[in-house]
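Please consult the sequence and structure shown here.

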Amino acid sequence: MVSLYVGSIRKKLNEKNNMPVTEFTEFNLYKGKCKVKFYPNSHRYIVNGKPTSGSVTGILGMYDKSGALLPWAVELSVNFLRDKFIKGEKFTEEDFFDAEEQHTIKKKQAADIGTLVHDWIEKHILGEKPPMPEIREAQIGVNAFLEWITDNKVKFISTERAIYSRKHDYIGKMDIEAKVNGKLTLIDIKTSNGIYNTYNMQTAAYVMADQEESGKKYHGRWIIRLAKESEKEYDTRMAKKNFNRKRKGKEPVDYPPYQVFEAKFLDETAGNLERDFAAFLACKTLFAYEKATGFYASFKN
């Protein structure tokens, strides 16, 4: 049976209107030596009465992702205006404001393909019997996942389990602990259009913290990538990329075929885990530096 640790939820009620003002989850790590409180509204962790130096995802916020995100945001704005131009529509001042917000609108749109598959996988791991998604690409993703866990003899152990490093004072939540082909492995599911370095660092931090607490030895880490977009959206995006290349006098590129499901083992080469963890600790150093010296540090006093 797969374990899902939730912990006990406590609420402090406002005496005047009996409305909850604080909600947190409590659980213990390191055989009760670390008493953890998690406040979901502010996403804060308190360990033995003190804030941690940071969460894994918070620390990795220091990693510069602008190289991928800025072109993506610009591309959305340009495509929005280009589509109106091709249709022969007149531009208004409001259109330019809308173009500026396309990246925000995209994030708020209905659940993407990967989210549908991710939700189905989570329920499946917990022993539920979720209905097959209606969207074709999501069905392909679900079937590819089922084929992958069968081919690799995957046995799920736990999911959404909190981890904490006493040595480095960071905390987070592992996605999936499992046996893959009989070997202990961390599986992390991502909904994205690529596999990025932050995934390597994040999973390394989880594995190292769990090994520190439990004494377990992990064989390696798997990233399961689920596409955010449909095949049609992907083909349209790649066609626009080649259009822009041609406009700049460059030759078109044969982009890789659409994949709604991708499984990548991160530890084919010895030393990858240690390399990725060292990079994570470098981000942690920068995170601590920013907290101590950054713009908002002056407001703490």
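## A salt bridge between lysine 84 and glutamate 89

Lysine 84 pairs with glutamate 89 in a salt bridge, with 2.7 Å between the closest N and O atoms. The model is a predicted one. Lysine 84 has a relative accessible area of 16%, under the 20% limit, and is therefore buried. Glutamate 89, in contrast, is partly exposed, its relative accessible area being 36%.

## Aspartate 276 and its arginine partners

Aspartate 276 forms a salt bridge with arginine 221, at 2.9 Å from N to O. This pair joins distant parts of the chain, 55 residues apart: arginine 221 belongs to strand 10 (residues 220–226) and aspartate 276 to helix 9 (residues 272–293). Both arginine 221 and aspartate 276 are buried.

Aspartate 276 also meets arginine 275 in a salt bridge, at 3.0 Å from N to O. The relative accessible area of aspartate 276 is 5%, whereas arginine 275 is partly exposed at 46%.

## Salt bridges in the model

The count of salt bridges is 15. A network of salt bridges links Arg161, Glu177, Asp210 and Lys216.

## The contact of helix 5 with helix 6

Helix 5 (residues 113–125) and helix 6 (residues 136–151) have axes that come within 9 Å and cross at roughly 40°. The two helices, helix 5 and helix 6, are therefore oblique to each other, and their crossing is right-handed.

From helix 5, Ile113, Leu116, Val117, Trp120, Ile121 and His124 meet Glu137, Ala138, Gly141, Val142, Phe145, Leu146 and Ile149 of helix 6. The residues of this contact comprise ten nonpolar, two polar and one charged.

Note on methods. Residues numbered from 1 in each chain as written. Predicted model: local features only at pLDDT ≥ 70, side-chain atom pairs only at ≥ 80, totals over all residues. Heavy atoms only, no water. Axes fitted to C-alpha atoms, helices over the stretch in contact; angles between N-to-C directions. Helix = DSSP H or I, 4+ residues; strand = E, 2+ residues; numbered from the N terminus. Parallel < 35°, antiparallel > 145°, perpendicular 65-115°, else oblique. Left-handed = near helix turned anticlockwise from the far one by under 90°. Contact = heavy atoms within 4.5 Å. Nonpolar A, V, L, I, M, F, W, Y, C, P; charged D, E, K, R; others polar. Salt bridge = Lys/Arg side-chain N within 4 Å of Asp/Glu carboxyl O. Buried < 20%, exposed > 50% of the residue type's maximum accessible area, 1.4 Å probe, protein only.
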